Amino acid sequence: MGHKSNPIGLRLQINRTWDSRWYAEGRDYAKLLAEDIEIRKYILENAAQAAISKVVIERPAKLCRISIYAARPGVIIGKKGADIEKLRAQLSKMTESEVKLNIVEIRKPEVDAKLVAQGIADQLIRRVAFRRAMKRAMQSAMRLGAEGIKIMCGGRLGGAEIARVEQYREGRVPLHTLRANIDYAEAEALTAYGIIGIKVWVFKGEILGHDPTAQDRLMMESQTSGVRPAR
């Protein structure tokens, strides 16, 4: 059998780090982990229109710093920051720590694996032909600077009676090269004839030297116009 490893888990502490960054012992660990899961679920459900790529949670001392990476930050912030205040108040109820929110704008959603996968899922729900959706996503990613992209869709594609898997690749996607900066994500499309799973791998070049924060720093430099201040 094939032994497939998650490209993100494989590269932890080599060129990327965890999305939850804190330390706890004993019962505190379970409590904080449950809080993180609840916070992420709430943000993703209540700001689905903001095209959220990832939610990073840091807990220095008695503080809970949440960074939301989104392609449409205006949806989260709302008019004059009204929505972000509501969100912060709601998140404060979920944790005993003081909550600070950072909204980070993703300038190139076409090369973010999570947003590419979610975009294809949304198109499949709207009954767009799966091949067209996949190829269009690949062309956009390559045009905006990705060095390679691979997309895999599995399920009852096109409403077929028998489920199957189809994949397309363009450029290089070196999964075994640990210094490769590979962004990976999964999404599900709930269609009328069953769930279709989408996996996306985006190769964004190589990071030389072991630097766990390299992924975040590169993302900030290449995709953001700056972090909106914590509230």
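How many bridges join β3 to strand β4, and do the strands run parallel or antiparallel?

1. The β3–β4 pairing. This is a predicted model. In it, eight bridges join strand β3 to strand β4, residues 98–105, and the two run parallel.

2. The β2–β3 pairing. Strand β2 covers residues 52–58 and pairs with β3 in the antiparallel sense. Six bridges link β2 and β3. Ile-52 has Ala-70 of β3 as its bridge partner.

3. The hairpin turn. Four residues lie between the strands in the hairpin of β2 and β3. Look at Ala-61 here: this residue takes a positive phi near 50°.

4. Cover on β3. Is strand β3 mostly covered or mostly open? Strand β3 spans residues 63–70, and seven of its eight residues are buried. Strand β3 is thus mostly covered. As background, side chains in a regular strand alternate between the two faces of the sheet.

5. Gln-123 in helix α5. Helix α5 runs over residues 113–125 and contains Gln-123. Why does Gln-123 count as buried? Its relative accessibility is 13%, and the cut-off for buried is under 20%, so Gln-123 falls in that class.

6. What surrounds Gln-123. Set aside the neighbours within four places in sequence. Gln-123 is then in contact with Val-128, Ala-133 and Arg-136. Met-134 sits 11 residues from Gln-123 along the chain. The C-alpha atoms of Gln-123 and Met-134 are separated by 9.6 Å.

Conventions: Residues numbered from 1 in each chain as written. Predicted model: local features only at pLDDT ≥ 70, side-chain atom pairs only at ≥ 80, totals over all residues. Heavy atoms only, no water. Buried < 20%, exposed > 50% of the residue type's maximum accessible area, 1.4 Å probe, protein only. Contact = heavy atoms within 4.5 Å. Pairing = 2+ DSSP bridges.
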